[in-house]
Each structure stands twice: as C-alpha cells, then as structure tokens.
Amino acid sequence: MEDTGVNTDIVHPEVRAHINSLVSALGGFSVDDDDGYKLGDDALEVLRDLKKWIRFYDEKTNRMDVARCLAEANIVSTDLLHILALWPPNDNDSKFKARIALACFEVIVPLTWPIEKDPETMTINHHRHLPVLQLAQLGYKRAIINFDAAQILSTAIRVALPSMAMPIRERTARDQGVIKLILYFLRNIALISPPPGVKYEGDETQISRSALIDAFSFQDVFLTLLTIASNMGDDFRTEDVIVLEIIFHLVKRVDSRTLFVSEKQLNKVKTDELTAAMNKEAAMLRSYNKKGPTRHSRFGTMIWVQKESGKKVTVSGQDALLDAATRERKMDSTKIFRAPRRARKADMEPKDLGPPVSLDERARQQLKSFVSEFLDSGFNPLFSHARASIDRDAPHVLSHHRSQFFYLVAWFLEAERMRRKAEKDQKKAPAEEDITSFNLVAEVLRQEMFVTMNRNMDRAYGDKDWPLLTTVMRCYTQVFLTVQEIADAGGEENEEIADNLLNRLFYEESTHDAIANIVRTYKDQGFEYLDAATELAHTFLRILESYSKQNTDLQVRSRKRTRKKKKAAKEAGEGDEEDKDDDEGDSADDERQAAKTSQERKFDFKRFAVRFIPQGVIDTFVEFTKFYRDLDDDQLKRAHRYFYRVAFKQEMSVMLFRLDIIHLFYNMIKGPEPLEKTSSMFKEWEELVKQILRRCIKKLEERPALFTELLFSKLNTTAYYLEYGHEKQTLTTSNPRPAAELEFKNKDLSREQQIAIAVNVLLDKNQTEFLEWLKKQLAEVETERRAWEGAQLAKRAEQQAAASADGSNENGDTQPEGLPPMASYTVIHPQTDETRTALFKNSHLRLLIKLVGLERLAPTLDETPDAVWVCPGHISADHLRESLDFINKAEFTPPTFAEGELAEDQLRRKPSAAASARRRRAAFDDDNDGVDGFLPDDDLDGDNMESIFAPGGPTARKSTAEETKRTRRKRQTAGSGSEDEGPDDAELAAKARARKRRELEKLRKIKSEMYVHASDDESDSDKDAAFFARELALQQARDKKLGQLERRDDIDVLLGGASEDELVSTQQDKQKKPKETNGRKRKSDAAALVVDDDDEDEEMANGTSDGSSEQAEDSDGASTPPAKTKARKRGARKRGAKRRKRDTEDEDEEMADGYTATPSSPPPTNGAKTPVGEDDDDDDDAPVVAKRAARPKVRAGFVMDSSDEE
C-alpha cells in the first residue's frame, strides 16, 4: 500500500504555490467575451515579481525550481505570447503596452537562456530539471517562431527600436540594457536546438534551421542585424559579439560551397552525393557477400587449426574454410586487447557545431540573400570592431566568442570565394570592376588580423585549447586561399596586393615553426582537429612553394638566428673595437655587411620542407589516411600530395618503410575494403603505392638492416643512413674557445708570490711535465738573450773606442749612454700535442707563462689552438733568470696558506669585458642628472617626496626577494628542459579553472546588466511617496530649529497630490513678492524641493542636511567653555567682515555684468536658511564651506550676522 504522506514533488511546495499564484494573477482568457486574452489588474507587477523570482531564487541559489514551475505552467505559450499579441504593430504610442512587452521579454530571456552542464557546479537539482527544461526550451522556440496571432520576433525589435534610434551619446544605461536584452532574445532563439541523444516528440521541421531562417527573414530580423552590423563602431559598441553569436548560430555547419550555386547545379551535386553513397553501400555489401552466409550454411562449423609450434586452436564458422588468410584474420579477431581504463575525454569537436545542416530551397535563397547583403555592407565594420574587442579582451567578450569569430571569418571568406566563382560561371567573362570586390573582406586581410591569428594560435596551443586552435587553423587556411585567389584574379593591382599579403604572412619564421609543431604533435584531438591541421599544412606548403619560386628574394625573420648573429658579432668585436669603428665608416664595408645579412636571412624552401619530414608529421598524415573510406576526393588528394612529397620530392621514402604504413597502403588498393575504383583519386593512389612498395623491396635488398627497422619509426640519422648508406657528415662551424683567464684574489701579492702560487697549482694537479717544459724554454731563451746582450755591449764598446780615437770628443763632451736596441722576439715551441693543447685549454699554465712575461704573437686576433707564443724583445735575460729562480724556489719551498686552503683557492675567474662594463654601468646608473625620472636627484630627498607623490605615499611594492626568486626559478626551468616541453597537466588544469572562473564572473555580470530595472521607468508612486516623506522630515527639522511653520502648507499640498506644474506656479507667485530677494542671491526651501531625486538621495546618504549640522553645532556649543565662546564670537565677527567684503565685491561684479542687485538685500521672509559661507557667485569655495564652525544666530526667525548684532 502506498504511503500517501510522502511528498514526491521535486520542487518545494511553497515555491510552487508562489509561482502558480503569480501565473494565475497574470491574466487569462475571458469566458464571457470573445476578445481573447485579458490582462490581470497587476499584470506589470506580476511580471516584475516573476523576474525577481528567476533572478534572486534560481540564479542566486543555483537552482532551477522556478524555471521548472514556469515550464510546467506553460507560461510562454499560454500567457506571454498572447500578451505580446495585444500590442498591435500600428499602436506604437502606447507606453503601457510597450512596458508590458518589455517585461514579457525580461521573463522569456532567462527562460530561453542556454543551459550548460558544468560538472563542478551541478547538483542533483540540475540532473532532475535539465532534461525537462531542454525539452521545454524546444517548445518555447517552436511556439515563438510559429505563433500565428502575432510576429513575436518583430515585436521584440519594436521594443528595442526607440533605444536603437537614439544617438549613442544620448542613450542611457536603460537603453543599452533594452538593446542587449532583445539581442540576447534573438541569440537564444537561434541557439536552441535538440540536444544530442534526446528525441523530440514534436515536428522537427518547426524548429529546424530552415524554419528559423524563414522566420528571421519574414519578421525583418535580418534587416535589423544588417543595420546593427553596418553601423558597428558608430552607433553600437558592445553589441558586436552578440551579433556575431546570432550569425554564428544561423550559418554554422551550413555548406557555403552549395549556397551560391544555381538550383540545377545543386540538384546535380545532390544526385552525385546520393550516387556515391549508394556505390559505397553496394561495395560494402559485395565485400560482405564474399564471406557472408548462404543457404547451405545453416549448420554450425567448427574446425581446428594447428600452428607451427604444434598447438591447436579451435575456430568456428564456415568462413574459416575459405582460405588460410581468412582463418588467420578470424583468429586475430578473437584476440581481445583489454586496454587500461582511462578517464573519458571531453568532446574535441568545435563547440555547438552539431551535425551538418540541410536547408530547403526557400531557406537557402533567403540565407543566400542575407549573406550577400552582409558581405556587401556589414562584414568589414562588424569584424573589425569584434577583432578590436577580442584583442583588448573586453569585459563582454567570453571565451567561446573567439572560436565563433574565427569560424565566421573562415566561413564568410569561403562564401565570398564561392560567390565570385558562381558569378564567374554565370558571366563567363567578369567585368573589370568585379576584380576589386575583395575590398569587401579587406578588414580580415590586414596585418592586425594576422597578429591576432598568431597570438590566438600560440595561446590555444600553449593552453591545449583544441577547439579554438581548430577554428584558428580553419581561418588561416581560408586566408591563404583567399590571398591566392586575389593573385589569380589578374590585374597589376591585385598581384601587388597579393604579393604584399603573402610577404607579410610568410615573413615571420615563428609562423612556420608553429604550423610544423601543430602537425607534428597531433595526439587524439579528434578528426575535426586532424582535418584542420592537415589542410593547413597542405595549403601552407603548396602556396609557400609557389611563392618562393616566383619571389626568389623572399626574406624571413628568425629571432633565434638574429640572437646568434648578435652574440657572434659581439664576441668577435671585443678585441678590435677601434678597427670596427673604422670599418663602420667605410661605405663599401656597409654594403658588404648588408649583403651578408640579406644572404643569411634568405628563405630556402628545401630547408623549410625538411620540417615536415619527421616521423611525427608522417604519423599525423597516416592517422588521417586511415579514414580513407570516409574521405572525399579533396582530402584524399591532400594526403596523396604529402606522401608523394616525402617519397619523391624530398627523397626520403625510407620514412614510409614501416609495417603499419605499408599495410595501410596495401589495404587501400588490394585489401578487403579498398578505395572505390570509381573515385578520381584511385589511379593516383594506386600508382603511388606501387612505386613506394617497389622502392621498399629494392631498399631491402640494398640495406639488410632495413628488415629490422621496418618495425620502428626512423630517426633522421637512421633514415639518412638507410637512404644513402653512410652517416651524415657534419662540419662544426663553431670556433673553440680558449681557457678562461684567472686572476689572484689578493691584489697586493708580489710577483714572486704569484709565481709560487701558480707553480703549486700545477704541482697539485700533477702537471710537472708542463713545468719542466717551461723551465727548459726559459733557459734556452735566457741563454740566447744573454748572448745577444753581450754582443750588443761589445759592439757599443767598440763604437766608443773608435769615437775617442778619432778625437770626436775634443770638447770633453761625453756621449750619453743609450739603451741597446731591442732584441727580436723568440718563438716558444711546444714539443708535444699535449703541450700545445694545454697552452690553449689549461688556464693555470696560461697564467704562469703570462707571469714570466710570455705572450701571443698576435694578441689582437682571435686565439686558436695553433696560436704562436713568443718571448717579447723587451724581456731581459736577468728577468728570465729571476723567473727561473722563482719557479725553482717554489718547487722546493712551497708557500703556506690558511688552514684548509690550497693554492687553487687563491685564484678566481677573471670577469669578461662585457661583465665589467655592465658593473660599471650599474655603478654609475644613479648619476643621470635627473634624465630618467625628469627630476634631479637632489629633489628625491625625504623632504621633497611629499610634493612628488600623492598623500598616500608612493605605490607600495612587494619585496624584490620574491621577484628574484621567481625569476631565478623561471630561468632554471627554462634552461633545464627542451623547447618543446610545455606546462604540465596540473598547470594547464589550474589555468583552465582560473579561466572558467573569469568566464563565470563575466557571465554573471552580463546577465545582471541584461535586466531593465523597474527604477528606470518614468514614474513610481512608492518612490514619490518616500521622497516627499523625506522632504517633510527635513522641513520639520528646519522649522523646529528656525521657528517657522508656514512652509508646512506647501509640503501638505505636495503630499496631497499636487502636481509639479502647480508647485512651480506657486513658487513663481511667491517669488513675485517684494520681500523676497533675487533668485540668484538666495534659494528658498520650497524651490529646493523641486530638485532631482538623485540629489536628495545623496544628501540623505551623506547625512549633510542643515538640521543635522545645526544640531551638531548646538551640542558643541553647549559644552564650550566661556573663554572659548568669546574667542569663537571674535572669530565669527572677523569672518562676518570678510564675508561682507566679499559680498560687496560680488555685487560690484554683478553690476558690471548687467545684473541689478541691491547693496544690502533684506533677509528672506519665508524663513529660508542661508548657508553660512556661501558665495553669491557660481564658483564653489571649498575652504569657506569647510570653516562653518560658529552657529548662525537667529532673531525673530531671521538669520543674523555678527555685524548686525553690533
């Protein structure tokens, strides 16, 4: 027996009761009259309450209870559409009906808002309501676009038309909200479609794409979209992505190639497609009938097969009796590989694309007309503005808008090419002016668009956002095809434009690397991604090859090569800066340097094509070719051209010699399910496979090692060896560097101590052979140098003796002793190759030979391992003997150091010239005389900092320790891995969650701004009553303080329902009385009542009413001592004198300007309080207002200054 006390309702009963009561109060059909639907007495308030329930209950609490109740009540079809039908098209002056219609759309828009399944935020409530609400939205769409009593879409446009007709500078936030509300309504209707896996019970033709396009065309929605798109940027700003989204849901999955063909050609295309499908089905049946059951195979069959190992295997089925190959395939089919279970991957297809769409003839013609008009008038403004919004990451741009933008760019570029092709086929000879029709899509062929595509491609590839990357690749492909068609269109202007565009597209080598990496790193991203990647690679290679042949001087910019060249030039220019300066002044050297740079940056297509040969790229095209049964002729041609390029153009057919690849090629031609022989690509594929297999057999005979390599993928070195029979010879172009120079940590060491330390370092490293060689060379050079010096002394003595014998010195003059001429250098010969290498690579030996005075023969040139070392002529024999003695002494009496230190610890690496220059620049960075900061250093003292920065001080910055640590960690990470290593899955998941949070925040903001608040209406009785109540309270406070009560009559009149006109007339009558002053001099309280409510709200919020200030002054005055009271009075008298002087000056200025004012106007008789310190002129005087310390004295209801008291 059922328990009737259990509540099975999935919605809270109170919520359902509230919603049902509101729906009942909204209105209904009259029983007595035949007028149709009747509105309830409070229909507008009911609609606003429903909107509040949806907004504050469903959205704030993340529930769908209200939407479920409204769906079960069928409020859209039963009530809202009939309410909208009450507003006839010719009744545009009824503000009430317009307000009712706007309130209806405020309820319809959240009910038709797209429902997204977010596993992180979904609750059991979502799983209960989602299927019902999805079917309910299909019912909403069917009811809206097929409603007979009124044109609902046209009514929505009429609601937004007044706001759209206003200039953009005059629109308020309410107008912007109305426009966005209606655009979101159109977006929702275009977006709603049957969810996958859900069977729609009604007629699907009523909610099909054809019905939607027909409704948009009949109800002038297309004209509205064209108007907004063509005026984007001038009259509309933030509506760009909404219009893009509406157009996206109209044209997605529509084949643009069949949009502009004639009906006859379309019928032929459909007939060919049907014939191809039927032929494919017949081929499948034929292959199945070969092994299928017959009338004699009604009995079971089981046989056993004996393997080579002697093991017997049982096989069932009569098809095992056909042949050995069939038996082996049957045995293989019974083997089950149980792969490890993995988490189910998300759908890799582009978002919201769905299955291909088939349009009827009427919808096709209507969409064709809209697309043509959009390309002619709205394409450039809309996409230019949308691209700018995406580039600056505007708040109204969501993540899926990027994919939709690139998808639409690709779709419309293909549509424009198909339109030109159709016009060319019809006219046979296009006119000259038709060549310039590419200006209609010129906004997406600019450099800014190329930068946007590159940036989003890098971003999507780094974040692994495959749907976005797929659309960017599609867009890139269509841009290349469009530019190629511009070049093929003929005409000098078109050729020049195409050459300029291709040069911009191919100039950045980073684009080449990105495309090659995308194709090389494919892995389980889905067929759509695979198709887009292979199409882009095929188109890019084909167009680049053709363009490089035409433009032999094609230049590309490579940042890596530029850095290497700069580094090499810097290293080469460290030693000969003077020569470099001289060379820079020579014009011939400048030309030679420019030619060298151009040659280094010249593009070589053969070198570039090698990037598409690695095994990763081949695997990508192999995966694509595995779908050969489902590929069309263009896709088969794409794969054929790539394999032909690898095997024959690049001469790397060895890369295709792998068992699975050969098996795939064989099955395509001779397998059980081969290509259709009626296909136009069958002959080409058959010839390609034949040539590849022939080369494989020939290569197996030449290279027996290939039998083993057939099982594996090939590296580049392995493939080169298998192809040519020898390893690739590489020449090292990098010059070896000499050992780093060393210096002593202690700069005050003597030469003897320095030599002793260098000798002990060599002894500690057991390099005594170098010491023996050096001592031998020094002894030989000393003997030679001492003999030369003796000869020079003897020669000099002979010359002096000859001079004295000739009597040339009769006057007693002695010839000054001069130094002997310098000896020639002596070459130091290394005896072995080890010594020669040590002279180049042993930094300690190099330090020692420099200490004894040896040096290189050509120190200004780059040092090589074959550099010649010499003993210069200025080194004397005594100096060499001294060096030898120091070396011998250090060998037997080594120096002593601190405990735990060695001789090597006394040395350090000498910094390079560049590092020294950087340190010098860092040391003198502060001496800039105020150039960097536009202020001298003396002004940056503590006393002057207050005048530079704001009162809050300079901007606070975090400690630089974190930045240094973060930079160091980033550099270590970047240097530890390879270039291809990207962020791991954890980092990507964290980034994805952060992006999702930002998207949700944007979406919440968009949905909150979508609503038009009730406060935006012209009048509100509750607000007026609250406003007058506040005014009454303020006036009572003033009257209580000032002793006046006659102003209450005016308040009572206002509260009694007096209009603003009566109030203004009353004020005008009172202003005519002679006892009042000029309106410019004083403002009455009654006039202050007729102000904007915003000012009153600000006054109430700030709490700065006069009454409150006076009360505060009373409380202050009550506790003020007598001495302070006297001082305050004296200060008040002084301020009163200053105020009278200022009033006199203001009156003189008014008289000069033509105003009439009495010198001493009497105080107002109505008791209006004059603010103390208020000037008569219009300028605000903030310091005077801030000095209102003394309370004004009141006598007989008049405000008295201190001067009046005297």
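Buried means under 20% relative accessible area, exposed means over 50%, and partly exposed lies in between (1.4 Å probe, protein chains only). The model is predicted; local features need pLDDT of at least 70, side-chain atom pairs count only at pLDDT 80 or more, and totals for chains, interfaces and linings use all residues. Residues are numbered from 1 along each chain as its sequence is written, and side-chain values use heavy atoms, with hydrogens and water left out.

**View 1. Asp 619 and Arg 658 form a salt bridge.** A salt bridge is a side-chain nitrogen of Lys or Arg within 4 Å of a carboxyl oxygen of Asp or Glu. Here the closest N and O atoms are 3.0 Å apart. Asp 619 sits in helix H25 (residues 615–625) and Arg 658 in the loop between H26 and helix H27 (659–670), so the bridge ties together parts 39 residues apart in sequence. Helices are DSSP runs (H or I, at least four residues), numbered from the N terminus. Arg 658 counts as buried because its relative accessibility is 9%. Asp 619 is partly exposed, at 26%.

**View 2. Arg 638 and Asp 531 meet in a salt bridge.** Their N to O distance is 2.6 Å. Arg 638 belongs to helix H26 (residues 633–649) and Asp 531 to helix H20 (residues 527–550), so the pair ties together parts 107 residues apart in sequence. Both residues are buried. They are also members of a salt-bridge network that includes Arg 474, Glu 528 and Glu 535.

**View 3. Glu 106 pairs with Lys 51.** The salt bridge spans 3.4 Å, N to O. It links distant parts of the chain: Glu 106 in helix H5 (residues 95–111) and Lys 51 in helix H2 (residues 43–59), 55 residues apart. Glu 106 is buried because its relative accessibility is 5%. Lys 51 is also buried, at 10%. The structure holds 50 salt bridges.

**View 4. A patch of negative charge lies on the surface.** Its residues are Glu 492, Glu 493, Glu 495, Glu 496 and Asp 499. Patch residues have over 30% relative accessible area and no salt bridge, with like charges joined within 9 Å. Asp and Glu count as negative. Glu 493 lies in helix H18 (residues 492–507). Glu 493 is exposed, with a relative accessible area of 52%.

**View 5. Thr 783 lies in helix H32 (residues 768–805).** Thr 783 counts as exposed because its relative accessibility is 56%. Thr 783 and Leu 880 are 97 residues apart in sequence. In space, their C-alpha atoms are 9.6 Å apart.

Definitions and conventions: Patches are made of residues with over 30% relative accessible area and no salt bridge: like charges are joined within 9 Å, nonpolar side chains (Val, Leu, Ile, Met, Phe, Trp, Tyr) within 5 Å. Accessible areas come from the Shrake-Rupley method with a 1.4 Å probe; for residues, only the protein chains shown count as cover. The place of a charge is taken as NZ of Lys, CZ of Arg, CG of Asp or CD of Glu. Helices (H or I, at least four residues) and strands (E, at least two) are DSSP runs, numbered from the N terminus.
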